[in-house]
Amino acid sequence: MLSLQSVTKRYGSLTALDGVSLDIAPGEFFGLLGPNGAGKSTLMSLVAGLRAPDAGSLVLDGRPLAAGGGSARAALGLVPQSIALYEDLSAEQNLRIFGELQGLSGADLRARIDEALAAVQLADRRRDPVKTFSGGMQRRLNLVAALLHRPKLLLCDEPTVGVDPQSRNAIFEYLERLNREGLTVIYSTHYMEEATRLCSRIGVIDHGKILALGTLDELLTQLPFEDEITFPATPETGALAAGLAGQGTVTTDAGQHRFRPAPGHRLSEFFALAEARGLPPRLFTHQRPTLEALFLHLTGRTLRE
Amino acid sequence: MRTLLILIRKDFALFFRDKTAVALTFIIPVALIYVFGQVFGITRTDTGPTGIPLAVVNASDNPGAAALVEALRSEKAFRVITERTLPDQTKRPLTEEDLAPLIRDNRFRFALVIPADLIATDTFGLRLKILSNPRNDIETQTVNGLLQKAIFSNVPELHGQSLQARAREFIGAPELQQFNARMARAITDAFGGDAAEVEAALAAGDFTMQNTSLARDPGEPAAASRQDFFSEIVKIESEQVVGRDVKAPAATRVVGGWAMMFLLFALSGSATSVFEEKKAGLYQRLLSGTVTRSQILLGKFCWGVLIGLVQLVTLFLAGQLMFGIDILGHLPGLAIMSLAAAAACTAFGMLLAAVSPTPQAASGLATFLILMMSAIGGAWFPISFMPEFIQTIAKFTIVYWAMEGFNQVLWSGDPILRTLPTLGILTGTAALVMAVAVWRFNRGRIFE
Ligand SMILES: Nc1ncnc2c1ncn2[C@@H]1O[C@H](COP(=O)(O)OP(=O)(O)OP(=O)(O)O)[C@@H](O)[C@H]1O
Ligand SMILES: [Mg+2]
């Protein structure tokens, strides 16, 4: 559906995207996971045609994408990272304007507006100016405004910033439903939980480079460990941490010991050691590896810093 | 085209949601134009100052001095004060000693003293003393000018007396009497009349022979010709060639300039909306769809021209209501001129938005340029009063050409065909400025 070939974008001397190649298949829910400044929005803006790449090519449905608006992108919807709405106008007026600009009109447009407002639980606020909405409500409207024309590819740039868990869930469910119905989604976020929950495939991006690409399972196998046990770094646990040295790696960070067993190590051995030192089991947290850990492994940094 | 209409309609909806914008565009300008109109007195048929307090102390027993005081009293520019009210509510005539303290107390700013020796003997002229607090330069000049005029046109014999007194000093009284007698004879030889009467008139300084039988045709009353003599020294025949039928001439001349200034302010406001939409990320949304950059810019431009046209016509119509300017009678020509002016102003606003890095910079720059263009372009003050180089610069302002156009339509009553050059300059400016703005917009960051 969408294909990026060695796409590079510079802002002056800063390289925001550095030779990114990517293929998105129809029906995919693709996650773009990266910290602030990674280049997520830049990538979105290139696909949306807001900017032109300095090198490389973008192809949508077999047609090369050039910068600038126009009909080539009729099948595309962008949910900008900021709330791109006319604050002084009502929810309905906003949707009408964006719908009309997409070539919709009449009863069809009205029906789609009703449907969109209902989908994000804003039907009863339709006549209120957007500026009287809460942040989460604005986010939800920001999302559906990009969907009125039923695009085939939706670009969601961090659509849940500042949204409470309930609204966030509503957004997730709505997107998942649309995805099941055939919508291809590119979803950027710096929350690994979101990527984990939503995305069938994930690209980890930092400093304008795709560092890893694949399904969640594929990505996590890149980690050289399968389990991770964390426990507080206190005088009582110090001896345990020291004693684990031969059985895997122990790192200490922010008051926490992090033990990653070497391949072949058996967890029962660890708990036997802990029991022998009289440490209660509630001190220990056992985790499967996460994207967070993967990011740390790939970059030496955490996702949120 | 459809896209443009949607964008324009969007701006209309936004505009009418914004009560402040509506007020700033229509209500406040109308109110201010009304106030300006009162301040500049453009509804009065006669112009000039009225009621400037002028204290007068007359210490002279010369009948001419008393006549002068009466003349000043009848001058509407002055409110003549000759008495002082004491704390116990009684009144007494002002004295020369009273004047300086009262001026310091700001009871009046001008005082005229006519001294006992009004007619100078040591030099030609009258001895008048003016005390003033020249707080306002224009007022001071006006007062001086009006005093001169009052003396010249009402009591010319005072100057004659001064001449006589001077002559007496130079050649001595007997010789002067002899001279006057000879003059009288010469006059009566040539024009007829009574030599004794003419000699008496000369001695009294009445060189115009006002009070002699010479001055009037038989049967004419004595005072009739007095005013005529001086007013006819220089004969000015004044014939108004253009604008003779204009109703409310003063208002017609100035309202266009004021309206232009408000138009510029309103449009610079709409130019900063470009920044607001950018900041909100709206251009990302629009451009990611089917809208193009040119459509966004053109949409803004058309919207600006429309609202500008509506604003100008509204302000002119308000001018008709408030000052009686004949707008409805010139509506087609005025609407076309307003359209051209609005186009030029909108293009100017767009250029400002295009070259400014921030909305604050845009509105700061706009205020500066608007005030400057209005001042130089003649919106506040007729440019013929300005130094020559400013008059030259004025021709590079939109305000100048718009005012020129409005005057052609409203003042000269030119048919549309004759206003074409002005229309051409305005629309040409609009096209050129807009082209630069679009070029800048496309290279700038506004759409990223
Ligand atoms: N208009 C711009 N001009 C100059 N530099 C820019 C511009 N936009 C982005 N950048 C830079 O490009 C890099 C990538 O920015 P981008 O907005 O794509 O990051 P992001 O992944 O979306 O970050 P965030 O999570 O904060 O939204 C950053 O270093 C940023 O400073
Ligand atoms: Mg971003």
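**Close-up views of a predicted two-chain model**

Chain B exposes about 23000 Å², and carbon and sulfur atoms supply 61% of that area. The model shown in these figures is predicted.

**Figure 1. Overview of chain B.** Chain B contains 17 helices and 6 strands. Of its 448 residues, 45% count as buried. Among the contacts in chain B with a separation of 6 or more, 69% are accounted for by residues 24 or more positions apart.

**Figure 2. Overview of chain A.** Chain A is built with 10 helices and 14 strands. Its C-alpha atoms fill a box of roughly 75 × 45 × 35 Å, taken along the principal axes. Buried residues make up 50% of the 305 residues in chain A. For contacts in chain A with a separation of 6 or more, residues 24 or more positions apart account for 68%.

**Figure 3. The contact between chain A and chain B.** How many residues does each chain bring to the contact? Chain A gives 32 residues and chain B gives 26 residues. The size of an interface is often given as the accessible area lost when the parts come together. Between chain A and chain B, the buried area is about 2500 Å², and carbon and sulfur atoms give 56% of it. A:Leu50, A:Tyr86 and A:Leu101 supply 30% of the area that chain A buries against chain B, more than any other three residues.

Figure 4. The rule finds 1 salt bridge across the interface of chain A and chain B. This salt bridge is formed by B:Arg9 with A:Glu100, whose closest N and O atoms are 2.6 Å apart. On the side of chain A that touches chain B, the elements that give two or more residues are strand E6 (76-79) and helix H2 (91-101) of chain A. H2(A) provides the largest share of that side, 5 residues. By class, the side of chain A that touches chain B has 19 nonpolar, 9 polar and 4 charged residues.

Figure 5. A:Arg112 lies in helix H3 (residues 106-119) of chain A. Is this arginine, A:Arg112, buried or exposed? A:Arg112 counts as buried because its relative accessibility is 14%, under the cut-off of 20%. Leaving aside neighbours within four places in sequence, A:Arg112 is in contact with A:Leu104, A:Leu148, A:His149 and A:Arg150.

**Figure 6. Two loop residues with positive phi.** A:Arg150, one of the residues in contact with A:Arg112, is found in the loop between helix H4 (135-144) and strand E7 (153-157) of chain A. Phi of A:Arg150 is near 50°, a positive value in a residue other than glycine. At 49% relative accessibility, A:Arg150 counts as partly exposed. A:His207 is placed in the loop between E9 and strand E10 (209-214) of chain A. For A:His207, phi is also positive, near 50°, in a residue other than glycine. A:His207 is exposed, because its relative accessible area is 58%, over the cut-off of 50%.

**Figure 7. A:Glu158 in a loop of chain A.** The loop between E7 and helix H5 (165-180) of chain A holds A:Glu158. With a relative accessible area of 5%, A:Glu158 is buried. Which side chain does A:Glu158 join through a polar contact of 3.2 Å? The partner is the side chain of A:His190. Not counting residues up to four places away in sequence, A:Glu158 touches A:Lys40, A:Gln81, A:Arg139, A:Ser188, A:Thr189 and A:His190.

**Figure 8. Helix H10 of chain A and its cover.** Helix H10 (residues 291-299) of chain A has A:Leu291, A:Ala293, A:Leu294 and A:Phe295 as its buried residues. What covers these buried residues of H10(A)? The cover includes strand E3 (29-33), helix H6 (192-198), strand E9 (201-206), helix H7 (216-220) and strand E13 (256-261) of chain A. Just after H10(A), A:Gly300 takes a positive phi of about 75°.

Notes:
Residues are numbered from 1 along each chain as its sequence is written. Chains are lettered from A and ligands numbered from 1 in the order in which they are written. This is a predicted model: local features need pLDDT of at least 70, side-chain atom pairs count only at pLDDT 80 or more; totals for chains, interfaces and linings use all residues. Side-chain values use heavy atoms; hydrogens and water are left out. Contact means heavy atoms within 4.5 Å. Buried area is the accessible area (1.4 Å probe) that two parts lose on being put together, summed over both. A salt bridge is a side-chain nitrogen of Lys or Arg within 4 Å of a carboxyl oxygen of Asp or Glu. Helices (H or I, at least four residues) and strands (E, at least two) are DSSP runs, numbered from the N terminus. Ala, Val, Leu, Ile, Met, Phe, Trp, Tyr, Cys and Pro count as nonpolar, Asp, Glu, Lys and Arg as charged, and the others, Gly among them, as polar. Buried means under 20% relative accessible area, exposed over 50%, partly exposed in between (1.4 Å probe, protein chains only). Accessible areas come from the Shrake-Rupley method with a 1.4 Å probe; for residues, only the protein chains shown count as cover. A polar contact is a pair of N or O atoms within 3.5 Å; within protein, one must be able to donate a hydrogen and the other to accept it, and residues adjacent in sequence count only if both atoms are side-chain atoms.
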